[in-house]
Amino acid sequence: MKSGGNLEAVLVAGHFAVTGELGPPRGSNVDAVRKKAAPLKGMVDAVNITDNQTAVVRMSSWATSLICIQEGLEPNYQMVCRDRNRLAMQADILGASALGIRNMLALSGDHQSFGDHPKCKGVFDIDSIQLINMVKTMRDESKFLSGEAIDGPPRLFIGAAANPFGEPFEFRVHRLAKKVAAGADFIQTQCIYNMEKFGRFIDMANDMGLTQKVHILAGITPLKSLPMAKYMATSVPGMDVPEALIKRIEGVDKKKRADEGIKIACEQIQELREMKGVAGIHLMAIEWEHKVPEIVERAGLLPRPKVAPPPPQPPAGEA
Amino acid sequence: MIVGHLKDLSAIAASVRGHKKILALGCGGCVTVCRSGGAAEAEDLTREISHPRHHAGIPPVLTTATIERQCERDIVRDFLKLPEGTDAILSLACGAGVQIVADVFDPLPVIPALSTTFLGGADEPGVWREKCRGCGDCLLTRTGGICPIALCAKSLLHGPCGGSRGGHCEVGGDTECAWAKIYARLERQGRLDLLEQPVAVRDWRCAGGAGPREHRRTGVELRFGKT
């Protein structure tokens, strides 16, 4: 095992994995994290802890990850290239691993112009594909980016993102291939609403042999309301919400729209479970964490598998 | 070329406050071509800043001159003669020109009238756009002659991020996605294979990360032969 974490164990054992998402608070309020974490316990195999998402300052991802570990949740520590250079990244990677974080998601990061500090300097010292490769080299070769030796390499299961709906569409699977070649162990996709287009993307990934090399978790975000559906369709970069889906939400009584959103998500999950090359889902119930138990229950994803963690391996370089 | 734009007149007027005799100095180089700091603009600025509406008290007296290039110490030293009594220079050059003039006439105050913005080109009459960030390690060979360092908002090196839609960047407005353009051009060139290659982590020292950069003329003997 590369990390000794639960998510890796679940995926390697061939279970259909479920990951969740938790956005840290805009302050040092520990109870706010605990409140969001509570409903996710036992419902997901790991939970993504976002890193200054949409370029808005929040409690750091690694600190929130540690609180989640205390609460009995396995975190997937997110790191964006926007906010730190290669020194800060490597330092945080070592610290995260040292304190028991076992998964990491490497991202470029939303552009700073979207956030609460649009005047800031975006770092972008290295890009997400270079970050993936840097973590892999640290873990598997026990070397810093500089080539110097690491005393105690990090043990992390390396994640990356893929957006099948970005453009040019034909290039998306090749960008995925680059992330796999760089060392990604698992992929979490952008929220999927256009299932037909996602199917074409996965077909291409299957044809290129990528799904044999990497675990792909399909992104699901239930639509809570009509305004949310419209916002996702028009205002979120890289999102593809078909008109028919908006019409479907619009077609039901206002009070039942949230339920209809969950129903749609469950139908998607059933379809994804049948899809060759899909290893699980990444459930992003944005500011709706308390609904996760209901969603995974209705989608038939409970109970979550209990996979015995494998004995820890000696770090690379030791006999 | 180096592109700059004229600062707000109120800001320029505030920056010359307290000076009585000012030389407005145009530059015959890049800023003449991009119509922001040449002889004509220096004349216009002289007329504007001399006007009492910009000043609470007595307006300063401005004279105007333009030299071939403010960014060459030899030219500035040998050809620029200051009018008697000049107590400040208002330079319409780029930041490089302002600094050379300030060095040559040290300790005379040299005040910038422009903000230097970017290395760009004229895409259409009257419109200049950023093209190059002077990063010191040109990668245009593999990106179809379109620079992702200057033109991608995240300076990505491995293709468009998930925010690329309809050829536009996620930062919005009319911003084009540099990687969408790169992809389209490489496709036309039959060179999409270039995008398969991983790009090594960059050495930002040559982009200025190790302090100010220097260029020295080399190869003189090769070009002219030994004398």
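Colleague: In this predicted model, which residue of chain B forms a salt bridge with A:Glu167?

Modeller: A salt bridge needs a side-chain nitrogen of Lys or Arg within 4 Å of a carboxyl oxygen of Asp or Glu. For A:Glu167 and its partner the closest N and O atoms are 3.7 Å apart, and across the interface of chain A and chain B the rule finds 1 salt bridge. The partner of A:Glu167 is B:Arg165.

Colleague: Which helix gives the most residues to the side of chain A that touches chain B?

Modeller: Between chain A and chain B there are 20 residue pairs in polar contact, counting pairs with both residues at pLDDT 80 or more. On the side of chain A that touches chain B, α5 (128-141) and α6 (169-182) of chain A each supply at least two residues. The helix that gives the most, with 6 residues, is α6(A).

Colleague: How much area is buried between chain A and chain B?

Modeller: The contact is built from 29 residues of chain A and 25 residues of chain B. In chain A, the residues that lose the most area to chain B are A:Gln130, A:Glu167 and A:Lys178, which together account for 23% of what that side buries. Carbon and sulfur atoms give 53% of the area buried between the two chains, which is about 2,300 Å².

Colleague: How many residues apart in sequence are the parts that A:Asp51 and A:Arg84 tie together?

Modeller: The side chains of A:Asp51 and A:Arg84 meet in a salt bridge, with 3.0 Å from N to O. A:Asp51 lies in the loop between β2 (46-49) and α3 (61-70) of chain A, while A:Arg84 lies in the loop between β3 (75-80) and α4 (86-98) of chain A, so the pair ties together parts whose separation in sequence is 33 residues.

Colleague: How is α10(A) oriented towards α11(A), and why?

Modeller: Helix α10 (residues 243-250) and helix α11 (residues 257-274) of chain A pack with their axes 9 Å apart, at an angle of about 140°. Angles over 145 degrees count as roughly antiparallel and those from 65 to 115 as roughly perpendicular, with under 35 being roughly parallel and the rest oblique. This is why α10(A), at about 140°, is described relative to α11(A) as oblique.

Colleague: How many charged residues are there in the contact of α10(A) with α11(A)?

Modeller: From α10(A) come A:Leu245, A:Arg248, A:Ile249 and A:Glu250, and they meet residues of α11(A) that include A:Arg257, A:Glu260 and A:Lys263. Besides 3 nonpolar residues and 1 polar residue, the number of charged residues in this contact is 6.

Colleague: Where is B:Pro107, which is joined to B:Asp106 by a cis peptide bond, found?

Modeller: The peptide bond between B:Asp106 and B:Pro107 is cis, with omega about 10°. As for the place of B:Pro107, that residue is found in the loop between α5 (95-104) and β5 (110-112) of chain B.

Technical notes. Residues numbered from 1 in each chain as written. Chains lettered and ligands numbered in written order. Predicted model: local features only at pLDDT ≥ 70, side-chain atom pairs only at ≥ 80, totals over all residues. Heavy atoms only, no water. Axes fitted to C-alpha atoms, helices over the stretch in contact; angles between N-to-C directions. Helix = DSSP H or I, 4+ residues; strand = E, 2+ residues; numbered from the N terminus. Contact = heavy atoms within 4.5 Å. Nonpolar A, V, L, I, M, F, W, Y, C, P; charged D, E, K, R; others polar. Buried area = accessible area lost by both parts, 1.4 Å probe. Polar contact = N/O pair within 3.5 Å; in protein donor to acceptor, adjacent residues only side chain to side chain.
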